[in-house]
Amino acid sequence: MTVVRVEQKVLNENQRIALDLRRRFEENDILCLNFISAPGSGKTTLLESTLAVFRPEEKVAVLTGDLQTENDARRIARYGFPVQQIVTGGVCHLDGKMILRALEPWPLENIDILFIENVGNLVCPSSYDLGEQAKIVLLSVTEGEDKPLKYPSIFHKAALLILTKVDLLPYVPFDIEAAKANARQVNPAIEILEVSCATGKGMDEWRAWLDERRGNRRPIAAAINTGVVADKQH
Amino acid sequence: MHEVGIASSILEAAHSETARRPGAKLIGIGVRIGVLSGVDIDALRFAFECITAETEDEKVVLTTEKCPRVNRCEDCGHEFSSSHLSPFTDAPCPRCHCERTKFVSGDQLDIAFVEVEEP
């Protein structure tokens with residue numbers, strides 16, 4: 001019997017594809033953001049509200065993942081920007097290969113911002129690097145403020161936390177300061193925005209966050225699962 | 001939730017490694033799973049059993065090592081682990097009690113070794 005030291009990432013193949021994607025995004029100055037949250041936290045609604053304020057000539061594209069249906073792509077397509085639905089057929093997350101395939105028909109030089117809406121799931125998507133510049137995690141105020149402690153992996157890896165549906169705060173027992181403190185416990189560097197797509201609160205700050213990072217003008221902190229792991233591979 | 005996919009990736013990588021040694025047969029795999037990896041070890045072991053059942057890999061032994069979160073004190077450099085997931089950064093350095101500590105590891109999802117039988 002021989003023991004062979006291997007020392008490689010289990011998701012080596014995904015990591016290889018993610019590195020390739022990241023290199024292509026960088027070459028084309030694309031800001032790629034990977035949106036992750038539980039089902040129903042408002043990823044699609046936030047994307048709709050975001051697209052609504054972009055001018056038609058802006059180069060924005062969306063990939064949206066779900067287990068079944070093309071409903072989200074239909075909702076997002078109404079804003080006139082290129083969108084593709086990735087139907088995973090039961091797989092609980094998006095992986096690098098799915099992104100690679102979906103991008104095939106799109107000339108990357110025509111994209112400045114690529115939004116990836118992951119499958120609604122706080123667990124599995126956190127393990128799969130999609131070549132994004134940052135993961136963004138959404139938490140709605142109708143959920144528990146202890147979610148960052150229950151699902152530390154994604155809050156640990158996200159650069160930005162967007163607290164959604166804040167217009168509902170007067171009606172729910174959600175302690176927003178506790179939620180922020182919990183997120184910072186897991187990830188002290190995490191940035192936090194409060195947004196309501198219903199009233200528009202926080203949308204200006206969110207748009208400013210995006211504008212500051214377009215064309216790689218400012219590095220995105222706290223993207224632990226992108227930079228560090230990528231470096232280790234080579 | 002995605003442990004079946006992870007188990008398949010582990011098996012696939014172990015077979016690639018084994019294939020580099022002509023005639024070798026895979027009999028064991030060792031993996032390191034960090035508490036922040038998002039992978040549940042029990043679910044992973046169960047998934048591994050399911051995908052190998054009634055295949056040539058049925059007898060492959062999966063060894064799992066659970067890795068704690070490790071922080072380093074920014075003041076004195078002391079590295080310390082905490083097996084619980086929270087609080088993270090609130091945990092002061094046990095040596096100098098400084099509260100500025102930095103994440104070092106805990107998100108591992110690594111294959112450490114494979115065990116093979118060689119002719």
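**Exercise 1. State the accessible surface of chain B and the share that belongs to carbon and sulfur atoms.**

Solution. The accessible surface of chain B (Shrake-Rupley method, 1.4 Å probe) is about 6,200 Å². Carbon and sulfur atoms hold 49% of that surface.

The model is predicted: local features need pLDDT of at least 70, side-chain atom pairs count only at pLDDT 80 or more, and totals for chains, interfaces and linings use all residues. Residues are numbered from 1 along each chain as its sequence is written, chains are lettered from A and ligands numbered from 1 in the order in which they are written, and side-chain values use heavy atoms, with hydrogens and water left out.

**Exercise 2. Compare the radius of gyration of chain B with that of a compact globule of 119 residues.**

Solution. Step three: the C-alpha atoms fill a box of roughly 55 × 30 × 15 Å along the principal axes.

**Exercise 3. Describe the surroundings of Glu115(B).**

Solution. Glu115(B) sits in strand E6 (residues 109–117) of chain B, strands being DSSP runs (E, at least two residues) numbered from the N terminus. Setting aside neighbours within four places in sequence, its contacts (heavy atoms within 4.5 Å) include Met1(A), Thr2(A), Val3(A) and Lys25(B).

Note on methods
Helix = DSSP H or I, 4+ residues; strand = E, 2+ residues; numbered from the N terminus. Rg over C-alpha atoms; globule rule 2.2 N^0.38 Å.
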